[in-house]
Amino acid sequence: MKTANSEKLKSNIYPKDIFDKLEFSKVLDLLLAKCRSSLGQKLAQKTNIEINPSVIEKKLRQTHEFKQMLQFEAAEFPSDNYLDLDEELKLLNVDNAVLTEQQIFRVYLVLQTVSAIVRYFSGTTNSTRQEVYPNIFHLCEPITVSKQLLNFIKDILDENGKVRSDASPELSRI
């Protein structure tokens, strides 16, 4: 599988057939097969050969930490609802556009997962994770999820993503 990035990078790498020699397309196909969502597949398709040693080392440390975390942590890393929200995010940038209840629910599910990942590393009880997995923690550190927004959506939608009958006084009267 060829990407725009790989074509651009080919011109800067010696030998020119490095992608073929390393069987990069086979590696990419194996990676795509392991993806749990279309979002993961999109990100995997952007994968390219890295030539910067410091970036390679950083990504190897992150990969090692994540592998260790999956193997040795008692608490499971949040791995549900990695949904592609491109459509929803595009709509949110359009004036007067409205998300459907299903789209709002998809946003809610992703926000719940992101919030769970942040909680996985935060707090005094999880400070050890911050120390043991500093490279992964560094990725999560700048992320905040509005509890207010999560609660607001939870008050409107039920666990199946449908508008609650008690979401407003008018609905309660019906």
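Which residues line the second largest pocket?

1. The second largest pocket is lined by Q112, S115, V118, R119, S122, V145, K147 and L150. A pocket here is an open set of points, on a 1 Å grid over the protein atoms alone, where a 1.4 Å probe fits, with protein on both sides within 12 Å along at least five of seven lines, and lining residues have an atom within 4 Å of a point.

2. This is a predicted model, in which local features need pLDDT of at least 70 and side-chain atom pairs count only at pLDDT 80 or more, while totals for chains, interfaces and linings use all residues. Residues are numbered from 1 along each chain as its sequence is written, and side-chain values use heavy atoms, with hydrogens and water left out.

3. In the second largest pocket, α7 supplies the largest share of the lining, 4 residues, and both α7 and α10 (147-156) give at least two; helices are DSSP runs of H or I with at least four residues, numbered from the N terminus. Its volume is about 200 Å³, taken as the space filled by probe spheres set on the points, which are joined across faces, edges and corners.

4. The largest pocket, with a volume of about 1,900 Å³, is lined by 37 residues, and G40, L43, F66, Y82 and L139 lie nearest its centre. Two or more lining residues come from each of α3 (24-34), α4 (38-45), α5 (53-72), α7 (101-121) and α9 (134-140), and the largest share, 8 residues, belongs to α5.

5. By class, the lining of the largest pocket divides into 22 nonpolar, 9 polar and 6 charged residues, where Ala, Val, Leu, Ile, Met, Phe, Trp, Tyr, Cys and Pro count as nonpolar, Asp, Glu, Lys and Arg as charged, and the others, Gly among them, as polar. The lining of the second largest pocket has 3 nonpolar, 3 polar and 2 charged residues.
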